Amino acid sequence: MTTAIDIQHIDKRFGRIKALDGLDLRVETGTVHGFLGPNGAGKSTTIRILLGLLRADRGRVQLLGGDPWADAVRLHRRLAYVPGDVELWPNLTGGEAIDLFARLRGGTDPVRRDELCQRFDLDPRKKGRTYSKGNRQKVALIAALASDVDLLLLDEPTAGLDPLMEAVFQECIREACAAGRTVLLSSHILAQVEVLADQISIIRQGRIVETGSLTDLRHLTRTSVDAIVDSSAAQLATLAGVHGLQDIDGHVRFEVDGEHLAVVVRHLGDLGVRGLTVRPPTLEQLLLRHYGDESTRHGAVA
Amino acid sequence: MATVLVRRPVLAAPGQGGGRVTGTGTLLRFMLRRDRIRFPAWTLGLALLMGYFATALETFVESPADLEGLTAFSGSPAGALFGGPGFGFDDLTIERFLAGQYGLYVAIGAGLMGLLTVVRHTRAEERSGRAELIRASVVGRHAQLTAVLALAATMAAVVAILIGGLMASRGYGLGGSLLFGASVGAVALVFAGVAAVTVQLSEYPRAASGTAGALLGVAFVLRGLGDMAAAQGSGASWLSWLSPVGWSQQTAPYVHDRWWPLVISLAFALTAVAAGYALSARRDFGAGLVPPRPGPARAAAWLDGPLALAFRLHRASLIGWSVGLLAAGLAYGSFTQPLLDGFTDAPEDMVAIMGGAENLLDGYLGTMGLTMALAVGVYAVLAMQTLRSEESEGRAESVLATAVSRSAWIGSHLVVTAVGVPWLLLVAGAGMGVGAAVSTGDAGSFGGLLLGHVAHTPAVWLLLAAAAVLYAVAPRVLPLIWVVLGYGLIVGYFAPILEIPASAVRLSPFAHVGEHPLEEVSVVAVLVLTMLAAVTAQVARLVFRRDVVGRT
C-alpha cells in the first residue's frame, strides 16, 4: 500500500501561537481518513500546509509523492479541496464557479457535473451572493467531486448541509472511495467521520493524540445510556465495561465501553425497559475523558 | 433581609415613533469606536490639506504683484472651471484666493468623506451580513441609518469647525473663516444625504458609493460650466446653482459673506435623507430595489484559466470606467471652445501672460491628459485592492488550491489591469478628442490628444507595479499607494504655483512623460518608466511567490 499523505513531525507558529506542534499524519492511498479534532486544534492549518498555502516551520511533508510547497501546481492537478467556509464571487453564478474550478484544475466531466447538481439539488443559475452557506458548500463539493482526481482534501465539508444532503455526501464519498480515490475528511463531529472513515486520526492542540482503524479506537468510544426500568439495576454494575452507574427510583444512567455494549444491552432488556436513550460518544467527551489531564497541563503552559 | 430593587430598562412602548430608532445612541458609539482612526484621519486630513495650501501660498506670495499674477489664471474661464466663480478676484487677497481656488478641492474631499462614511456603515454592513446580527437585537428599523447620519453630520461639523478655526487663526476674517468652514462641511452633509438614497438602490456597497461619487462628479462639472460662463460674462452661469458644490461656493467667503446658499444645501440634504428613509422602508433587508436575475448555468467556454478569471472579475469595473472616462472626456473636450472664446475676450496682456491663445489650448489639453492619467491611476489602485479582498474573503485560497500558481494568480490580475490602463487612456483621449473637435469644429487636435493621453501609460504602470509590491509585502500597507497618487496630483497641478523644487517634482512618476500636446512626449521617459514598471512588477511576483496566503 502506498502513502498519499505523509507528514512527519511538523511545527507551525503564527506569531507567538503554536498552531502545530510536532504533528505526524499518514494517509494510505485509496482510504478514507477521518481527521478529527475540536475547533482550533490545527486541522485547517494542516490542510493548508498540504495545499502549499502555508509553509511548515519544521518537519517533512510529502503529498502524492511530491513537496506541497514546491510542486504546488503539479500536485493540485491531482487533488480537489473543499474548505469549511466556501466563499464565491458575488457576481458569478454557481454553475460558472463549478466550471471554473474544474477547468482551473485541468479537467471537467460535464455529465458528472450535471448529475451531481441534481443529486445535491443545486440551482446553478443563481449568483454567488444569493446562495446560503449550505448552497455555497454544495458548489465547492460538486466542483471537487466532479473532477477526476486522486485525492480529496475536505475540511469540514458538510458544515451547513441538511441531513438529506449529508446522506448524499456520504454516498458520493463511498463512490469516490470505490473509484480508488483517497479522501482526507476533517471534522469535529465523531459520528460523521465514523460512518465513512477506514482510519481515524485525532488531533488536539497541534498534535495527533490517537490514530488507527475504528476497531483500534473502539476502546475510546463509550456510549451513554439513560433508561427507565422496572426492577433494580444494581447487577449491571458488576458487568464488564460499565462505568458510573446511577440508579434513582428506576431511572438508570451509566456509560459503557463500545466493545461491551451488546452484553449490557441484553441484560438491560431483562430489567423491563420502559424508556431508553442511547447517545453515541461525542468527540468532546472522548477528549475530555482521555486527555483531560493533558488539557490542564497544556492550559498551564499556554 | 434587605430587599434589592432591580431597575429594569424601560422599553419603548410599541407603536411609538421612538421604536424605529431604538438603539441609535449605542450604534453611534459603536460606529465612533470602529472609526476611531478613520474619523480623525478624514477630518484632520482635510483641515491639514487646507493648512498646507495656506502655508504654501503665504510663502509664495511676497508682493501684491504675485497676487496679480495669480489673478491672471484664476480669473480666466479655465481658472473658473478648475477653481470656482472667483469672487473678489479683482481685488485679490490670500484668503479670497484660498477659498476661491483651493476650497473646491477640500469641498470635494468633504463630499467623499460624507458619502463613503454612510456607505461604509449601511450597505457595506448589510452586504457583509454583520448588520443582520445588529438588526436582530433591540434595534429599530431606522436606527442604523439615523446613527450613521448623526456620525456623518458630526464629521461635517468637526471639519467645518477645524477649517474655520484654522483660517481664523491665521488672521483671516473670523466671519468669512467660519462661513468657509461651514460651506465645506455643507458639501459633506449633502453627499451623506445623497448616499443615504443610493445605498437603498443597489445591493452592492460599491455601486452605492459609485453612484453617489458619480453625482459628486456631476456636481463638479455643472458648477464648472456655470462658473466658466460667469467668468466669460455670458452663457449659462445659472448651472452653478444646480450643483451642491456650487451652493457652497456661492457663499463667497471673505467677499459677500452670504450664509443663505447654505440653507439650500441643508434643505437638499434633509430632502435626500427623507427620501432615503422612505426608500429604506420599501425594501427588504439586504435587498436592493432592483431584484436579482438568474444567470448562466454554465461558464462560457473562454472562462478557462487564471487570466480569463481575472478578466471576468475586472470586466464590470472596466466597463464602468470606460463609460465614465468617455463621458468625462466628452464633457471636458466640449469645454475647449468656450475656453478659447473666454480668452479672446480677455485683455491682451492677460493672453500674453499665458503665452498666447495657441498655447492655452495645448496647455489645457495637456493638463487634461494628466488628469485622465491620474484618474486611470485610481482605477489601477482599486484593481489591486480587489486582490486584497479576494485574499481576505477566502476566494484566493480556492483558486490557489487548483492548478494555479501564486505567480500566475497575481500575474494574471496584473496583466489584465495593465492592459486596461492604455485602453482607458485611449477611451478618455478619444472622448476628449471628439468633444474638442465638435466644440471647435476642427479635428486637428485629435491625434495629438490620443498620443498625449496614451503616453501616460508607463507612469500608471509604474504606479500599478508599486501597488502590487506593497500588496505582496503585506495587504494592509497597500493603501500607502494613495500617497504616491496624491503626490502626483499636487505636483502635477500646483507645482508652479506652490514653487515645489524641480528635484521634488521628479519624484512623481507622472512628471516625466510630458503633457502632450503642450510638451513633447519624452521617449526616454517612456522607455525608462516602462522598464522600471516591468522590474517592479517582477519584484512583486517574486515577493508574493514566497509568501503564504490568507494574510491581512
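Trainee: Let's start with polar contacts. How many residue pairs are there between chain B and chain A?

Mentor: There are 20 residue pairs in polar contact between chain B and chain A, both residues at pLDDT 80 or more. A polar contact here is a pair of N or O atoms within 3.5 Å; within protein, one must be able to donate a hydrogen and the other to accept it, and residues adjacent in sequence count only if both atoms are side-chain atoms.

Trainee: Which elements give two or more residues to chain B's side?

Mentor: On the side of chain B that touches chain A, those are α13 (306–334), α17 (395–400) and α23 (523–546) of chain B. The largest share comes from α17(B), with five residues. Helices are DSSP runs (H or I, at least four residues), numbered from the N terminus.

Trainee: And what pLDDT does this rest on?

Mentor: It's a predicted model, so local features need pLDDT of at least 70 and side-chain atom pairs count only at 80 or more, while totals for chains, interfaces and linings use all residues. Residues are numbered from 1 along each chain as its sequence is written, chains are lettered from A in the order in which they are written, and side-chain values use heavy atoms, with hydrogens and water left out.

Trainee: OK, how many salt bridges across the interface of chain B and chain A?

Mentor: The rule finds four (a side-chain nitrogen of Lys or Arg within 4 Å of a carboxyl oxygen of Asp or Glu). One pairs Asp114(A) with Arg298(B), where the closest N and O atoms are 2.5 Å apart.

Trainee: How much area do the two chains bury?

Mentor: About 3300 Å² between them, 57% of it on carbon and sulfur atoms. Buried area is the accessible area (1.4 Å probe) that two parts lose on being put together, summed over both. The contact (heavy atoms within 4.5 Å) takes 39 residues from chain B and 35 residues from chain A.

Trainee: Switching topic: what domains is chain B divided into?

Mentor: Domain 1 (20–286) and domain 2 (302–552), with bounds from an automatic or database domain assignment. Their C-alpha centres lie 26 Å apart.
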